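Dear colleague,

Please find below the sequence and the structure that I am handing over to you. My notes on what was found follow directly after them.

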Amino acid sequence: MMCCRMAASQRKLQQFSLSFWSYSHLRYQLTKKQVCRHHGSLVSTSLPDVDSEIEKVSVHSLRGKAMRAMQDRLRKRHPMPSSRENRMAEDQDWTNVYPTAASFKWSAVPLSVRMGYPVNRGIPPHKLGNAELLKIPNFLHLTPLAIKKHCAALKGFCTKWPDGLNTDELCDEHFPVAIETSDYVFSSPSLRCPKARLVQVKLKLSKLPLDKHARWKLIQLVGDLYNKETDELCISADRCPVKQQNLDYAMYLLSVLFHEAHITEPWEETEQTEEDMEEYTWESGKREENLMRIKRRMHNKEISSAEEELKTAYTQVCNNKETSESIGSYKRAVLNLFGLKEPAPET
């Protein structure tokens with residue numbers, strides 16, 4: 001009895017396999033003919049008429065019975081619901097469709113999007129099941145309405161701007177140290193961008209409690225990091241792999257420079273030259289000795305009235321940028337020192 005049941009089950013299984021193979025093979029052959037009829041174009045969206053092909057097969061044959069049985073099973077299935085794009089309202093909230101970053105969903109985008117290589121002079125494939133649209137990133141979640149919602153959600157975590165910091169001058173006065181960092185958003189296997197670790201710490205030397213010697217020594221230590229025109233010191237750090245580590249390192253360098261500038265070594269008082277000075281002073285150079293030598297040679301003339309004028313003119317030429325006015329004032333001071341008259345301009 002059991003053997004008869006097993007034989008009957010095997011015959012049903014073979015009949016079902018034969019019917020499924022026949023129906024699938026017929027679908028494949030008809031689809032292939034339809035694609036060839038359209039010269040390889042991907043415009044066609046309808047399948048060939050399978051019912052008319054089944055009617056051509058004899059009813060009494062095993063193949064015909066199997067194909068009709070498979071057709072009856074497929075008709076009993078529930079129809080596929082329409083895609084989401086056909087059921088969307090025109091005034092819907094798009095932030096509910098794409099609340100976060102996600103791959104392209106063909107059923108959720110009510111746009112006729114095509115992408116891909118056109119085969120045999122056709123048109124690019126439709127968005128339905130298009131893998132090319134899944135490869136590229138999209139910004140469907142960053143619409144203007146979504147950005148407004150994000151800003152409104154972050155507004156509760158923001159603090160009110162202080163009333164006493166209405167201008168940039170007040171901000172620089174109360175917060176002299178400025179820290180500049182950069183964040184990058186890019187497509188990569190890693191979330192960390194190598195350029196994001198760069199940290200710059202900027203401040204003006206006038207905001208530091210430095211005397212004349214400490215200021216001069218700090219400028220000599222930092223070298224090109226100090227901008228004389230803006231009186232700004234900029235320290236950059238990118239040696240460490242993390243941004244916070246570079247920030248700590250930059251603040252450490254600033255602390256070391258500040259304390260080292262207040263230390264006076266014995267050789268600094270004896271081996272300092274005019275080239276090492278931040279500003280030229282008349283008393284520190286050899287011009288004072290040369291002027292005294294001129295006084296001794298010209299003991300019969302009074303030159304004390306032109307001495308202060310010469311000191312001021314020469315100091316201005318050495319410490320500031322040379323201009324026609326500064327050179328002219330230095331020229332007149334030298335002529336007054338020797339009691340000479342300025343030559344008349346050539347005509």
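Serine 326 is buried in this predicted model, with a relative accessible area of 4%; buried means under 20% relative accessible area, exposed over 50%, and partly exposed in between, with a 1.4 Å probe and protein chains only. This serine belongs to helix α13, residues 324-337. Helices (H or I, at least four residues) and strands (E, at least two) are DSSP runs numbered from the N terminus. From its side chain, serine 326 reaches the backbone oxygen of threonine 323 at 2.9 Å. Such a polar contact is a pair of N or O atoms within 3.5 Å; within protein, one must be able to donate a hydrogen and the other to accept it, and residues adjacent in sequence count only if both atoms are side-chain atoms. When residues up to four places away in sequence are not counted, serine 326 touches Val317 and Lys321, contact meaning heavy atoms within 4.5 Å.

On numbering and confidence, residues are counted from 1 along each chain as its sequence is written. As the model is predicted, local features need pLDDT of at least 70 and side-chain atom pairs count only at pLDDT 80 or more, while totals for chains, interfaces and linings use all residues; side-chain values use heavy atoms, with hydrogens and water left out. The mean pLDDT of the protein is 77, and 72% of its residues reach 70 or more, pLDDT being the predictor's confidence in each residue, from 0 to 100. Over residues 1-5 the pLDDT stays under 50, and the model has 0 contacts beyond four places in sequence for them. Residues 12-16 also have pLDDT below 50, and this stretch has 3 contacts in the model beyond near neighbours in sequence.

The sheet comes next. It is open and consists of 4 strands in the order β1-β2-β4-β3, with antiparallel pairing; two strands pair if DSSP finds at least two bridges between them. At its edges are β1 (178-180) and β3 (226-227), each of which pairs on one side only. Strand β2 (residues 199-204) is joined to β1 by 3 bridges. Within that pairing, alanine 178 has lysine 202 as its bridge partner, and glutamate 180 stands opposite glutamine 200. Between β2 and β4 there are 6 bridges, again antiparallel, and lysine 204 is partnered there by glutamate 232. Helix α9 (residues 243-261) lies across β1, β2 and β4 (232-237), and runs at about 140° to β4. Here axes are lines fitted to C-alpha atoms, for helices over the stretch in contact, and angles run from 0 to 180 degrees between N-to-C directions.

The largest nonpolar core has 18 residues, of which Leu205, Leu218, Val222, Leu233 and Ile235 touch the most other members. A nonpolar core is a set of buried Ala, Val, Leu, Ile, Met, Phe, Trp, Tyr and Cys residues joined through side-chain atoms within 4.5 Å. At least two residues of this core come from each of β2, α8 (212-222), β4 and α9, and α9 gives the largest share, 5 residues. Apart from this core lies another, of 8 residues, including Trp94, Phe104, Val109 and Leu133.

Helix α8 deserves a separate paragraph. Its buried residues are Ala214, Trp216, Lys217, Leu218, Ile219 and Val222, and their cover includes β3, β4, α9 and α10 (266-270). Leucine 218 is in contact with Leu205, Leu208, Leu210, Leu257 and Ala261, leaving aside neighbours within four places in sequence. Histidine 213 also lies in α8 and counts as partly exposed, at 25% relative accessibility. Histidine 213 and glutamate 268 are 55 residues apart in sequence and 9.8 Å apart in space, C-alpha to C-alpha. After α8 comes glycine 223, with a positive phi near 70°.

Two further backbone values remain. Most residues other than glycine have a negative phi. Arginine 121, however, has a positive phi near 60°; this residue is in the loop between α4 (94-97) and α5 (132-135) and is exposed at 86% relative accessibility. For aspartate 231, phi is likewise positive, near 55°. Aspartate 231 lies in the loop between β3 and β4 and is buried, with a relative accessible area of 13%.

Yours sincerely
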